[in-house]
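Here is a short briefing on domains and chain contacts. Please look at the model before reading on.

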Amino acid sequence: MKVLVIAEHDNTKIAGATLNAVGAAQQFGAEVQVLVAGCDSAAAANEAAALAGVAGVVSVNAPYYRDQPVENLAVLVAGLVRNEGFTAVLAGGTSFGKNLAPRIAALLDVAPVSDVVSIAGVGRYVRPIYAGNVMVSVESDEPVQVLTVRTTAFAAASAGGAAAVREVVAGEDLAVSRLVGREISKSERPELATARIVVSGGRGLGSGDKYREVLEPLADRLGAALGASRAAVDAGYVPNDYQVGQTGKIVAPDLYVAVGISGAIQHLAGMKDSKVIVAINKDPDAPIFQVADFGLVGDLFETIPQLVDGLGANQ
Amino acid sequence: MKILVPVKRVVDYNVKVRVKSDRSGVELSGVKMAINPFDEISVEEAVRLKEAGTATEVIAVSCGSAASQETLRTALAMGADRAILVETDAELQPLAVGKLLKAVAEREQPQLVICGKQAIDDDANQTGQILAALMGWGQATFASKVVVEGETLRVTREIDGGLETLELKLPAVVTSDLRLNEPRYATLPNIMKAKKKPLDVIPVADLGVDVAPRLRHTQYSEPPTRKAGIKVADVADLIAKLKNDAKVI
């Protein structure tokens with residue numbers, strides 16, 4: 001068996017989700033190679049080659065891979081699978097991986113498996129359905145296993161490898177789509193999906209101004225990423241990439257602090273695998289308390305500043 | 001421009017699903033069913049494009065049992081012009097649905113297909129991408145804005161960390177994300193009108209597609225539930241617990 005992990009990158013740096021995908025690929029106990037398709041992407045390829053457990057890096061460069069259009073990537077990967085005999089293709093379960101993996105699978109005429117949280121062997125997986133309310137065991141005899149993996153379910157590969165990078169000729173340019181632009185929210189804070197601590201706010205904050213005024217000092221003090229419930233996003237307090245939940249980001253930090261979040265099922269599905277959950281809410285019956293390790297009933301506009309002060313005094 | 005909108009009949013999003021006692025599946029008997037919410041958003045977008053004069057016809061299509069006619073009537077009541085049911089009682093997985101939709105697209109020759117980004121039952125998030133691949137068309141998944149400009153399509157997509165705008169050649173496949181629009185409620189007169197709109201039924205066998213499931217779902221289970229912890233008295237108590245008991249700060 002030979003496994004190909006599709007790297008998500010910006011030609012310079014490998015995305016965190018790819019490290020988890022490499023970690024997941026190692027569960028097969030087989031040879032793992034990483035594809036870095038881009039343009040002038042040597043830095044990203046070298047980073048992939050330095051990951052522990054990576055046996056080789058396939059580097060492909062062409063101007064029409066610079067922005068990684070999914071149509072071109074899928075054709076490239078399907079060609080590599082046929083030419084080099086890969087029997088599994090993995091990508092992180094990010095918007096990049098979810099967009100790409102089914103397209104690759106369709107070109108290979110195999111059924112893809114999405115959002116895998118556990119790999120028990122080749123063709124034996126567990127994945128969540130119904131917004132995480134049900135887990136299903138899936139078996140597949142497909143000759144090529146095409147998977148996306150939930151990043152929070154697999155440990156990230158660490159540095160410590162020294163694989164060779166080999167350049168492979170580019171595939172076809174379908175030229176059916178073109179990137180016009182990307183607006184990526186810039187932040188000094190850790191990335192929400194991979195942060196060790198997440199502070200999340202809900203509609204209890206009341207407004208975008210209050211969200212920032214109350215939660216930013218706490219996030220600063222804890223070195224935390226900021227998140228939000230869907231209610232807070234829909235109310236316009238914060239942009240939608242803050243959203244934690246089934247239709248937003250799935251997070252599993254060491255510490256998740258839910259502030260003014262009632263705990264709708266959709267939100268719980270996105271954070272219930274956090275190691276420690278703290279809930280602060282004035283409603284003692286809020287469902288969030290049913291999953292919280294430590295619940296504090298109180299007015300968040302009083303308790304959060306106290307918490308910021310208290311943390312400062314202790315450090 | 002013709003727009004094809006695939007719709008799926010799923011368990012209503014308000015229903016708390018239960019695993020059958022023999023773990024062979026999810027309890028569906030007596031459970032309220034509805035149109036997949038992301039497909040509802042897709043129907044709305046297609047109807048708005050027709051109302052804006054961009055689209056000439058909106059065709060809703062569903063693959064599944066006769067009960068999916070109800071789902072198609074919902075799409076018709078929202079403003080789709082006609083509907084197609086690709087009928088089968090067999091289990092359909094996304095690869096098979098993609099192939100059936102390809103067969104329908106070859107008959108109907110739409111310039112645009114708008115799918116939901118995922119169905120809220122299997123959460124696969126695959127069908128739109130599979131259809132686009134099989135057709136050799138461009139795809140724009142997780143769309144939050146769709147603009148047709150002549151022969152090109154401009155789509156804003158929700159990606160990790162922000163937004164991305166793509167330009168695609170038509171024909172193309174778009175998959176809808178939550179924030180694309182807010183679907184309308186079908187009015188009673190439109191629900192009545194929908195009953196008279198054409199709904200063609202095509203037996204799966206007529207499309208010559210191998211729809212045999214490729215994946216086996218061997219066991220369903222409920223995830224381990226998290227136990228409620230304790231209520232702390234005040235902020236000082238919380239900080240002490242986090243430092244000394246949980247050791248996370």
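Two strands pair if DSSP finds at least two bridges between them. Strands (E, at least two residues) and helices (H or I, at least four) are DSSP runs, numbered from the N terminus. In strand β9 of chain B, the bridge partner of A:E183 is B:L163.

This is a predicted model: local features need pLDDT of at least 70, side-chain atom pairs count only at pLDDT 80 or more, and totals for chains, interfaces and linings use all residues. Residues are numbered from 1 along each chain as its sequence is written, while chains are lettered from A and ligands numbered from 1 in the order in which they are written.

**Strand pairing across the chains**
- Strand β11 of chain A (residues 177-184) runs antiparallel to strand β9 of chain B (residues 162-169), and seven bridges join them.

**Contact between chains A and B**
- Chain A gives 65 residues to the contact and chain B gives 63 (C-beta atoms, placed from the backbone, within 7 Å).
- On the chain A side, β11(A) supplies the largest share, eight residues.
- That side of chain A has 32 nonpolar, 19 polar and 14 charged residues.
- Ala, Val, Leu, Ile, Met, Phe, Trp, Tyr, Cys and Pro count as nonpolar, Asp, Glu, Lys and Arg as charged, and the others, Gly among them, as polar.

**Domains of chain A**
- Domain 1 covers 2-167 and domain 2 covers 192-314; the bounds come from an automatic or database domain assignment.
- Their C-alpha centres lie 32 Å apart.
- Six residues of domain 1 are in contact with ten of domain 2.
- The domain 1 side of this contact has one nonpolar, four polar and one charged residue.

Technical notes: Two residues are in contact if their C-beta atoms, placed from the backbone, lie within 7 Å.
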